[in-house]
Amino acid sequence: MIRTAADYQRALMRWLGSNDNPQAVEDCREAINDALKEVWGEYDWPWYQGQQTIIVNAPYDTGTITYDASTRRFTLTGGTWPEWAEYGAIQISSKYALVDRLISSTVIEIEEGSQFTADISTATAFKIWRSQYPLPNNIRKITYLTNDLNTNHVVKYVTPLEFADRRPGVYGLVPVMFTVQKDRRLLNGLNLVLWPYPSTAYTYRFSYVRHPEEVAVWSVTDGKVTTAADDETITGTGTAFL
């Protein structure tokens with residue numbers, strides 16, 4: 001027999017003898033989600049384990065840039081910043097800085113306290129590297145990271161504190177270590193962070209353990225729909241989709 005979250009909610013309301021008021025409903029729903037987390041933590045359930053691939057980005061160096069130290073902004077000419085620029089680090093010669101914000105397709109802003117303290121008014125060559133890759137926010141553990149081109153090349157996990165001590169700013173090599181850090185752009189986001197920054201668009205594979213998603217749908221509405229072969233459109237009949 002399959003039971004839904006709504007079934008458990010109704011059962012809890014009966015057992016508690018609660019009135020069907022908003023506070024009682026909220027309490028029951030919180031109890032169901034808490035129980036789901038508790039059951040998940042009691043055993044290594046196989047259906048919460050899986051494997052995933054991630055394709056890392058090669059560095060980008062098309063065009064030239066200038067820099068305004070007062071705004072901490074680089075302006076790109078002859079190219080456009082990649083969409084992942086906010087997760088990257090920009091390098092000119094031996095200096096580099098982490099990117100703070102993607103302002104536009106041709107302007108980025110770097111973090112405070114970087115090595116770039118003076119204006120760069122002459123068009124200058126650069127590279128922007130990417131080391132951070134957002135993970136689905138329900139992944140809670142990664143057991144290994146391996147390169148698909150060389151299955152013997154396993155990237156070692158280190159803690160975030162140890163990772164920071166290893167000066168993650170070496171370029172042009174195959175990553176040898178990774179960690180998982182908080183994504184400052186997303187409330188519950190986590191990033192997989194590589195060191196050194198990858199210089200080629202490698203494909204990596206990793207095993208993970210995830211936690212269950214909290215129940216978000218608590219009711220079901222019956223209705224009728226029509227559809228046609230080879231057509232993704234679903235049309236409600238006598239109903240309106242939320």
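Me: Which residue stands opposite L192 in β13?

Reply: The model is predicted: local features need pLDDT of at least 70, side-chain atom pairs count only at pLDDT 80 or more, and totals for chains, interfaces and linings use all residues. Residues are numbered from 1 along each chain as its sequence is written, and side-chain values use heavy atoms, with hydrogens and water left out. Strands (E, at least two residues) and helices (H or I, at least four) are DSSP runs, numbered from the N terminus. Opposite L192 in β13 stands V180.

Me: How many bridges join strand β12 to β13?

Reply: Two strands pair if DSSP finds at least two bridges between them. Strand β12 spans residues 177–182 and runs antiparallel to β13. The number of bridges joining β12 to β13 is six.

Me: What is the bridge partner of Y133 in β13?

Reply: Strand β9 (residues 132–135) pairs with β13 in the antiparallel sense, over four bridges. In β13, Y133 has as its bridge partner L192.

Me: How many of the six residues of strand β13 are buried?

Reply: Buried means under 20% relative accessible area, exposed means over 50%, and partly exposed lies in between (1.4 Å probe, protein chains only). Strand β13, residues 190–195, is mostly covered. Of its six residues, the number buried is five.

Me: Which residues form the covered face of strand β2?

Reply: Strand β2 comprises residues 64–68. Its uncovered face carries T64, T66 and D68. The covered face is formed by I65 and Y67.

Me: Which residue takes a positive phi in the hairpin of β2 and β3?

Reply: Strand β3 (residues 73–77) runs antiparallel to β2 and is joined to β2 by five bridges, with D68 partnering R73. The hairpin has four residues between the strands. The residue with a positive phi near 60° is R72.

Me: What is the bridge partner of Y67 in β7?

Reply: β2 also pairs with strand β7 (residues 120–124), in the antiparallel sense and over two bridges. In β7, the partner of Y67 is I120.

Me: Are helices α1 and α2 roughly parallel, roughly antiparallel, roughly perpendicular or oblique to each other?

Reply: Axes are lines fitted to C-alpha atoms, for helices over the stretch in contact, and angles run from 0 to 180 degrees between N-to-C directions. Helix α1 (residues 5–16) and helix α2 (residues 22–41) pack at an angle of about 120°, with axes 10 Å apart. Angles under 35 degrees count as roughly parallel, over 145 as roughly antiparallel, 65 to 115 as roughly perpendicular and the rest as oblique. The relation of α1 to α2 is therefore oblique.
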